[in-house]
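Student: I would like to learn how to read a structure like the one shown here. Could we begin with what it means to call a residue buried?

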Amino acid sequence: GTGAVITPMFQPQITDMVRRRGVFGKRIKNEPATGQPSRYFEQTRIVAGAFQDPRALTFTPTGDPTRRERYLTVKAIYGSIAFNLFDVEVNRQQGQFASLVAKDIEDTIQGTLKTSDIGLWNGTDTDVIAPTTLEYVGGLTQINRTATIASSARIIDGLKAEVAAMMANENFEVRVTAIYVNPLLGDLIDHEERLNQRQIPQTVLHEVTGGLLVNAVSTQMGLIPIIADPYLRNGATGGSTSESGKTDYKAVILSEELCEYHYVTSAEPRVFQLGLEGGLATRYAIVLFGAPVFKGKANASQNQSFIESGATTYSHSVVTVVRS
């Protein structure tokens with residue numbers, strides 16, 4: 001009305017709160033794969049002595065040390081993004097979002113790592129030797145030691161009892177270092193402890209820059225940190241292991257030194273520029289080769305298979321917490 005000309009302007013920063021990396025993906029130990037499949041050995045038995053008459057000692061073989069070959073199939077995650085020449089040059093001429101291309105490439109790298117972090121827990125493959133899908137064999141599948149905390153039982157008491165049961169293993173030395181939970185389960189733990197007027201101890205995760213204060217559980221192994229990871233998904237309502245109409249929440253007790261990501265060439269995604277197509281579009285491919293392994297399984301028959309029904313996890317445990 002006054003002859004003024006008003007043109008649209010934008011802030012140079014793009015509001016971006018999209019979730020990227022998970023917590024466990026940044027803490028898991030990276031190891032180069034030995035090949036395809038990646039192989040390692042696991043000691044499952046040592047030679048044990050036997051009591052004898054001190055005046056009549058006789059040479060009697062008491063067994064052999066047992067070492068078993070273990071292996072896992074390396075998987076691939078592929079991300080891609082293309083930039084049309086015209087759009088790139090218009091964006092550059094405007095000058096307002098000059099770094100947008102670089103941001104999109106970096107975000108695609110982070111998106112590839114996000115896919116990996118989700119698969120660390122929830123990968124749909126069921127066999128590390130003979131793959132059934134293209135995804136990882138997730139931790140919730142590899143770890144077959146399980147426990148359940150009923151809706152009428154206290155969560156902290158159930159977690160403490162499971163850690164104690166793992167420590168009581170006479171054949172293997174278990175060193176639990178962390179309990180991973182979905183943030184919703186972490187909130188249920190806080191709420192339950194407040195209602196019971198119990199103080200939750202806290203500890204510092206030294207692996208995080210500057211230190212990060214988190215809740216902890218006082219167990220027979222000392223203070224075990226409770227680490228919230230949103231990619232550790234909760235189970236469906238009314239699942240086969242839960243009470244009818246309830247929800248299964250997962251808590252994973254880990255010996256983190258036995259959790260490894262076996263990679264090929266690099267534990268970080270690599271970026272390849274594929275050049276120009278007929279439409280003058282620049283293409284970038286992001287590739288990550290690797291697979292997670294949760295070590296620490298043994299069975300009486302000493303079969304070679306890693307996921308066979310007789311092999312039981314002794315170093316980790318998946319605890320199902322049943323709540324409304």
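Tutor: A residue is called buried when its relative accessible area is under 20%, exposed when it is over 50%, and partly exposed in between, using a 1.4 Å probe and protein chains only. In this predicted model, E260 has a relative accessibility of 8% and therefore counts as buried.

Student: What should I keep in mind about the numbering and the model itself?

Tutor: Residues are numbered from 1 along each chain as its sequence is written, and side-chain values use heavy atoms, with hydrogens and water left out. Because this is a predicted model, local features need pLDDT of at least 70 and side-chain atom pairs count only at pLDDT 80 or more, whereas totals for chains, interfaces and linings use all residues.

Student: What is the average pLDDT of the protein chain?

Tutor: The term pLDDT is the predictor's confidence in each residue, from 0 to 100. Here the protein chain averages 82, and 87% of the residues score at least 70.

Student: Where does pLDDT stay under 50?

Tutor: Where pLDDT is low, the predicted coordinates should not be read in detail. That caution applies to residues 300-309, where pLDDT stays under 50.

Student: How many salt bridges does a search of the whole structure find?

Tutor: A salt bridge is a side-chain nitrogen of Lys or Arg within 4 Å of a carboxyl oxygen of Asp or Glu, and the search finds 11 of them. One of these joins E260 and K295, with 3.1 Å from N to O. E260 lies in strand β11 (residues 259-263) and K295 in the loop between β13 (281-294) and β14 (297-298), so the pair ties together parts that are 35 residues apart in sequence. Helices (H or I, at least four residues) and strands (E, at least two) are DSSP runs, numbered from the N terminus. K295 is buried too, at 16% relative accessible area, and a network of salt bridges links K29, E260 and K295.

Student: Which residues does L140 touch?

Tutor: Contact means heavy atoms within 4.5 Å. Leaving aside residues up to four places away in sequence, L140 touches W121, N122, L232, V252 and V318. L140 sits in helix α4 (residues 139-142) and is partly exposed, at 27% relative accessibility.
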